[in-house]
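Subject: Structure handover and notes

Hello,

Here is the structure for you to look at. Please open it before reading the notes below.

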Amino acid sequence: MALAGAAAGPLSQGATRAHLMQARAGHLLAAPAAGLLLVMLFLPSALVLTLSLTDYAFGMPGFNFIGLDNYRDMLTDARFRTSIANTAVYLAIVTPVSVLLALWLAIVIDAQGWLRGVYQTVFFLPVTATLVAMATAWEVLLHPTFGLVNNLLVLAGGDKVRFLSDPDTALYTLAFIGIWKQVGYNVLLFTAGLSTIPKDLLEAGSIDGADRGWSRFFLVTLPMLGPVTVFVVVITLIRAFSEFETVAVLTRGGPVGSTQMVLFTLYEEAFRYFKVGMAAALAVSFLVFVATVSILHARFLDRRVHYV
Amino acid sequence: MSDAARIRRFGIGDAMLALTALVTVLPFVWMIAISFAPPAEVYTGRLIPPLSLAAGWDNYTRAVEQAPLLLYMANGAIVCAAILVLQVLIAAPAGYALAKLRFGGRPVLFGAVVLALMIPMQVPAIPLYVAIAYAGMLNTYAALIGPFIVSPIAIFLFRQFFLSYPDEVIDAARLDGFGELSIVWRLMIPAAWPAVGAFATLSIIAHWNDLYWPLVVITRSEMMTPPAGLASFRASGDSTGDTSALMAAGVIITAPLVIAFVFVQRHLLRGLTMVAAK
């Protein structure tokens, strides 16, 4: 290498040196991040894959490889099956409602006059607020006997609902709180997406007759918001699947398992019962879910780039 | 839009918007209201309990006396600040290297960052917990901070932002004797401040409010962060039947972030927009 450099003359020798220095600087600057990614993320994740095939329990001296038994339990054991089913119901409610509601809100808020800033702030509040505290506030509002919501229900001539303590309503109540939390976040993302739509495109749309209301929405706004919408769906799916706080604080999976969800079950298995092998299997299924959604997202975006 | 059009469009849509906004602020309003109600008057069947400053004073005093809320908040501030500073210190040089420097292994590293974006924290959490427990480091700041100091999102964001930075300026800086690190901190970061701001906001919100990891690695009260502390206050006998003090505690730990970020909301929106446009 040094010979080649010497033969090629002083100019390219300098260039080669600059390249070498740049490569060295690149390695040095990237090394801390690369090392930490390996130690904090990739190695532990690989370890989780391995642990999911064992019966390892924290504090035990050893462990056995038991093949796919943990995964089989996940599909046959009543508690795990319930938590998967509950998570599916929760996702099926929270995702469409919080995405569509937020899309509508972002567009309507964008068309407001002086109230626009007020509304943006209002829907931003749940994004920053501590969910543990807000979940507790919802619990007070939804108190089974004398909460404000039940007082209003009685006033309106209805019957009281034991929102969080009735197995028939608890999961839906958590889904409602989940929507409340997620809508604010989604409005923020949609608002950011809306502001990237060039104003001249809206004007061009108005010349073509798509001047306002629904025609403008379908002809101009929605196609432009397409990629943002897909992103919001992906984020919502992942965040809804990761729901933990409301379960851990308000219901602990009850009453009678009606709000047992995957991440809370994972937490209990790993950190309360110390059944690391089983928890690892749940973590792997969580990882598979997130990876699948993310890969579908990337694929979808690729295809859009080709078509548009 | 003409005034006539605006008036014509005011109707069901705006009413629904106002109603949705009302439901959104309801838990905030109620949390504050109940923190000013005497504990015995919270659940009486009356629509709105009697509120008074005197009752509020009592409630907030009890909340602070029964739960070390200020300590929790100090812990939260230390943890969030340390995480954010380390995240930027580690991610910005890596993002710069990925965007502007040619070196062997660059595509591999970028692939790893994209892959890492897909790994939720709860996956590595299990082995990390086992390692931390065996190292005797449960109930330490290191345990609260360590797993988050490398942020694939931050690396990715910085790389995207730095890509569009003009190479000529970097070359000129090199001729002026700038080292690569001072290029990162003195040229790139100041130019990328909307991305830094947006990332900082999201990072602080995430870690101030996170319950999962503190619940895993912290059992001692004096090491708890605000959400873990509030959850333990909730579960403790001290708050049983004292909803007012619990709501006061909720107000105390929620207020700093909500107030701070309402003011930077506009900047966050601009930062997010720039990030989205990249």
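Conventions come first. Residues are numbered from 1 along each chain as its sequence is written, and chains are lettered from A and ligands numbered from 1 in the order in which they are written. This is a predicted model, in which local features need pLDDT of at least 70 and side-chain atom pairs count only at pLDDT 80 or more, while totals for chains, interfaces and linings use all residues.

Confidence

pLDDT is the predictor's confidence in each residue, from 0 to 100. Chain A has a mean pLDDT of 86, with 88% of its residues at 70 or more. Its lowest element mean is 43, in helix α1 (residues 2-7) of chain A, and its highest is 94, in helix α6 (residues 131-141) of chain A. Residues 1-9 of chain A have pLDDT below 50, and this stretch has five contacts in the model beyond near neighbours in sequence. Where pLDDT is low, the predicted coordinates should not be read in detail.

For chain B the mean pLDDT is 89, and 94% of its residues reach 70 or more. Confidence in chain B is lowest in helix α1 (residues 3-9) of chain B, at a mean of 51, and highest in helix α7 (residues 141-145) of chain B, at 97. For the complex, the predictor gives an ipTM of 0.89 and a pTM of 0.88.

Chain A has 13 helices and zero strands; helices (H or I, at least four residues) and strands (E, at least two) are DSSP runs, numbered from the N terminus. Of the 308 residues in chain A, 41% are buried. A residue is buried if 20 or more other C-beta atoms lie within 10 Å of its own, exposed if 12 or fewer, and partly exposed in between, with C-beta atoms placed from the backbone.

Two residues are in contact if their C-beta atoms, placed from the backbone, lie within 7 Å. On that basis, 77 residues of chain A are in contact with 74 residues of chain B. Helix α2 (residues 10-51) of chain A gives the most to the side of chain A that touches chain B, with 20 residues.

Two residues

M261(A) sits in the loop between α11 (245-251) and α12 (262-271) of chain A. Why does M261(A) count as buried? Because 29 other C-beta atoms lie within 10 Å. Leaving aside neighbours within four places in sequence, M261(A) is in contact with S83(A), N86(A), T87(A), Y90(A), E243(A) and V247(A).

With neighbours within four places again left aside, F158(B) is in contact with A91(B), A92(B), G95(B), Y96(B), A192(B) and A195(B).

Helix α5 (residues 116-128) of chain A has 13 residues and reaches 19 Å from its first C-alpha to its last, close to the 18 Å expected at 1.5 Å a residue. The expected span is 1.5 Å times one less than the number of residues. Buried residues in α5(A) include Y119(A), F123(A) and V127(A).

In α10(B), E180(B), I183(B), V184(B) and M188(B) are buried. Seen down the axis of α10(B), these buried residues fall within an arc of 100°, so they line one face of the helix; the arc is that of the directions from the helix axis to the C-beta atoms. The face turned away from the buried side of α10(B) carries the exposed residues S182(B) and P190(B).

Regards
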